[in-house]
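Dear colleague,

My notes on what was found in it follow.

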Amino acid sequence: MKKILNCLKPYKIFILIVIIFIAIQALIELSLPTLMSFIIDKGIANNDLNYIIKIGLIMLIIAVIGGFIQTAITCFSAKIGIGFANDLRLKIFTKIESLSLQEFSNFSTNSLITRTTNDVSNISKALVMVIRIALMAPIMGIGGVLLALKQNVSMSKIILFGIVAVTVLMIIVSNLMKTKFTRLQKLIDKLNLLIREIITGTRVIRAFNNEKYQENKFNDNNNEITNTNLFINRLGVAIEPMINLIFNYITIAILISGVLQINLGKLEVGQLIAFSQYASLIVTSFIMLSLIFVMSPRALTSITRINEILQLETSIKDKTKTKKMPKTKKWELIFNNVTFNYFNSPLPVLKDVSFSIKSGEVLAILGSTGSGKSSVVNLIPRLYDIKEGLITINGINIKDLKLKELRNIIGYVPQKSMLLSGSIKENIKYADSKITDFNMKKAAKVSLSYDFIMDRNEQFEDKIVERGSNLSGGQQQRLQIARAIASNPEIYIFDDSFSALDFQTDKEIRKNLKQITKSKIVIIVAQRIGTIKNADKILVLNEGQVVGYGKHHDLLNNCPIYKEIALSQLSEEELL
Amino acid sequence: MKGTKNKSITDKPKDFKNNLKKLLQYLKPYYIRIIIILIMSLISTIFTVLSPKILGDIITNIYNNIQNHKTIDLINFKDLIIILIIIYLLSSLFRFIMGFLMSKITANITYRLRSQISEKLNKLPLKYFDNNSSGDILSKITNDVDTITSNIDTIITEIFSSFITIVGIFIMMIKISGWMTLTAVATLPISVILIFLIASKSQKHFDNQQKNIGKLTGYITETYSAHNIVKVYNGEEKSIETFNNINNQLKDSSFKSEFYSGLMMPIIKVIGNFGYVIIVLLGGFLAVKGRINIGDIPAFIQYVRKFNHPILSIASTTSLIQAIVASAERVLNLLEEPEEEPNKLNKKIDHVKGKIEFKKINFGYQKDINVIKDFNVVIKPGTKVAIVGPTGAGKTTIVNLLMRFYELNSGKILIDGVDIKEMEKSYLRSLIGMVLQDTWIFNGTIKENIAYGKLDACDNDIIDAAKLSYADHFINTLPNGYNMIIDQEVSNISAGEKQLLTIARTFLSNPKILILDEATSSIDTRSEILITKAFEKLMKNKTTFVIAHRLSTIKNADMIIVMDQGKIVEIGKHEELLAKRKFYYNLYNSQFDLTN
């Protein structure tokens, strides 16, 4: 909560101004009935037309000033609300960018997106409402009571009683609503989910004849939503008549008490009318305030959701004392009995994994789904941190290196396409905008992207749209390879990067790569035996453990799992 | 929220009359309750209109007494005050009862519409889902249903009482003073014109804002999805900078949009205050002249304050009704979509062997474009059949037809000699188990997801099925094991692992015929071969279809059907087809380029 409120700090002065303006506005609203009472008590009673016109003009001027003040309030509250949203969004985005995959993967991407967009806008909308409407009610209430107090003590008591009654009523109602509202929000999310499920799973549902099951599940939810909604709506429709009733009875009370006081000569008729109008103004502003109760549960949920993000601290960051990255051309990466768990999971994904690789070597990692192949390569740039064991580069624990420097020497090509919208040039030069055009073109040529880039309208300046959907899967993959090459890394990581390519392109790119990676470390996660057959070392993983480590021919002889995989793809003769 | 509202108000229903009529059908069961609501509304409105005048009369009375220097005796207005107390009480009570009844009506209608839609979705032919995006359907069941029910509420309770209020107040105002009424009514068009001007201005900025929100969301989505890359290539600062740019653009457009739409309220208020001043002035003048009573001034002020609200309500009626009917049209169109052909016969097979005959099948998803042409083949019971061919050859379509997700244009499909058209769909589908390329995981525990294949399965069955499909190991590495709640978006389960779960599901349902439609394409070859082995064990003597683009996995099929452009081009075993050196041979070799 504190972290979110901090975003309001830059607007302290604005908020102060708005509060002052609202106070003035409340005063103006209340002054009109007061002036009217003058017209009645002094103007009409004395048949003094000049006085009536004089006071009337003052009222007109006040109404005009009121208009300007209202506009200013609108302007400032928009400034605060929008500026706040802007700052908060930036804060969340920056926080999420700083997170390592360890924290990041605890949330679905969708949920992170909603938190950065919808949740922020919920809070900012509520904030503007609070400023414009909610502040008005208490100020108007206090002002009204003070004004009444100045003129007549017993009248102010009646008004005060009304305010207290309405406030108590609203507190009760909002408490009743609050839990129901949070529940409703959840139920609506669930409703969306269930419908989406029916739509995306039509075939599966029908294939298993589970239509009824699905309908029942939906109707359970539908029923609960309907009932929750009904409860909330009924509370909602009860508020207005109740507040109205309180207000109307207050008016009668004012009337009766007024008559008694007039008899005592303590009050005049105009004042009496003014008092009942104060009551009306105050009650209207409280009815507006009740709108806030409709919005607040949603905003509160959003606040909690955003807080969850802002509270996170990334576990993977630079140590206070870091070691220098060696300046060398000879590199060696060693995994020493590495054991790794994903956050919260009872069983390790990797257990006692050891291997080593030097510049100029190629290491291939092979294994079934869930065997931990991708986890191995994710550990090298410290996307995750290990639990036990040691990963070193040239003898230095990678945790002792600066993250930036460590990642600078790594070129990573993921399995999924992860291009960003922007020009092709920006994408290839993503690692460093200082990469020369010459190197960019070279990278494009090596990755066989050059030809299709030149075929595009604006060549390297051509725009890639969101998620790269104006490129084929193969083209995306080639650009990702170009991006890695252009960053001129010492360690290449290909996480199943060749599977989207057809065999011909795959072969050619690998031939080109051989030249470039001659003196580098290359780690390939692959499924095709053909892709990795010639690797210097092959690491075979099964259920997170190393079951084979060596060259193709050795593994064929001594690693049954390797042989099995190989045979599933190639015939006995082809393997040799 | 604002966006959808604006959108739904601007679009117009195509067939207004008809859809309105159909919509009224939904209200029919509640006619009596609605009549009660309307009567209460009438009475409570009359009370609301009368009360300021009564109050005014009391004040006039007091004033006159003062002018005549008499003490005022409360007993004089005892009756009037009691009337007021009763009127106020009844009017609030009636409003509450109205709201109470109306809430129930709308809740019932909402429930009914939603549950009708969900049932409908399960009866629609698959064609419907090909042509309609899921976002559209989703918006019908949430936004459109909401628009209908929340506005019906307003129309019934508000519009009616608004009319009466306006007429009533107008009569009362004229009774007090014609001149004052004229001034009050004159301020109305001014506010309407101002509001209209501002609304059109703010719409432009609003559109701009929406555009920028879209841009920002797009950027966020992309960056979050590529978190790995941003991290590895040290792109955090760069992405924050870009984000900041878009965010600032959004800030500017949002401010303008917010400011202009926010002006509406102050303008109404300021004009209201002007009206107040003018009425007080005029009233004071008329009172001095003795043309009206003192009590009429506060009464009149109250009337003017109450006049605005019903006028705004009525002004928005047409667009409200239009919004309702437009939404109703979308919902009703969905509900009236033709359903899957009903079953006329329900033939069953005594002892399922699994012989499948495709007899001269023709089929197209769209009229005149046949995707399957003269497909003719007999499949022996208990054999493993592979269907291969390039993308778009029609492999998956064959499966869709066998499952009767779509109906044939011509031809017949027989299982053990029985036309599948003569079986009940649910019976037909219970014979066949399928694992599709796209995994479908629903929100629930892993256990529930596996049990989907057999709803009454016990825990042991579920774990056995998971073991058979090699899912048991990875399930145990997850936080809550079998009780972990997952959905389509869960990120620490890979696509392959999701597929393992759906395979476990099929193991559990134990079908007579099995279809694997690219089921292993997201699973690596090692898992694929293990799974295929397990399947073979399960499917002994049962017919299996395998559709795969990776030809290595279907080498041992009993029969390979090679398809191209909706036709069978070759049939045979792996070796036979290779020996032919034709279509299959080329297809096969294009995938195995082994020179290294």
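**Overall form of chain A**

Chain A has 22 helices and 12 strands (DSSP runs numbered from the N terminus, with H or I over at least four residues for helices and E over at least two for strands). Its radius of gyration is 36 Å, well over the 25 Å that the globule rule gives for 576 residues, so chain A is more spread out than a compact globule; the radius is taken over C-alpha atoms, and the rule is 2.2 Å times the number of residues to the power 0.38. Along the principal axes, the C-alpha atoms of chain A fill a box of roughly 120 × 60 × 50 Å.

Please note that this is a predicted model, in which local features need pLDDT of at least 70 and side-chain atom pairs count only at pLDDT 80 or more, whereas totals for chains, interfaces and linings use all residues. Residues are numbered from 1 along each chain as its sequence is written, chains are lettered from A and ligands numbered from 1 in the order in which they are written, and side-chain values use heavy atoms, with hydrogens and water left out.

Of the 576 residues of chain A, 56% count as buried (under 20% relative accessible area, with exposed meaning over 50% and partly exposed in between; 1.4 Å probe, protein chains only). Among contacts (heavy atoms within 4.5 Å) in chain A between residues at least 6 apart in sequence, 75% join residues at least 24 apart.

**A sheet in chain A**

Four strands of chain A form an open antiparallel sheet in the order S2-S1-S4-S5, where pairing requires at least two DSSP bridges between two strands. Strands S2 (350–358) and S5 (396–397) of chain A are at the edges with a single partner strand each, so one side of each has no neighbour in the sheet. S1(A), residues 332–340, is joined to S2(A) by six bridges, and Phe335(A) stands opposite Phe355(A) in S2(A).

**Strand S3 of chain B**

Five of the five residues of S3(B), residues 384–388, are buried, so this strand is largely enclosed by the rest of the structure. Lys384(B), Ala386(B) and Val388(B) point one way from S3(B), while Val385(B) and Ile387(B) point the other way.

S3(B) pairs in the parallel sense with S10(B), residues 543–547, over four bridges. Its pairing with S11(B), residues 559–564, is also parallel and over four bridges. Ile387(B) has Ile547(B) as its bridge partner in S10(B) and stands opposite Ile561(B) in S11(B).

Yours sincerely
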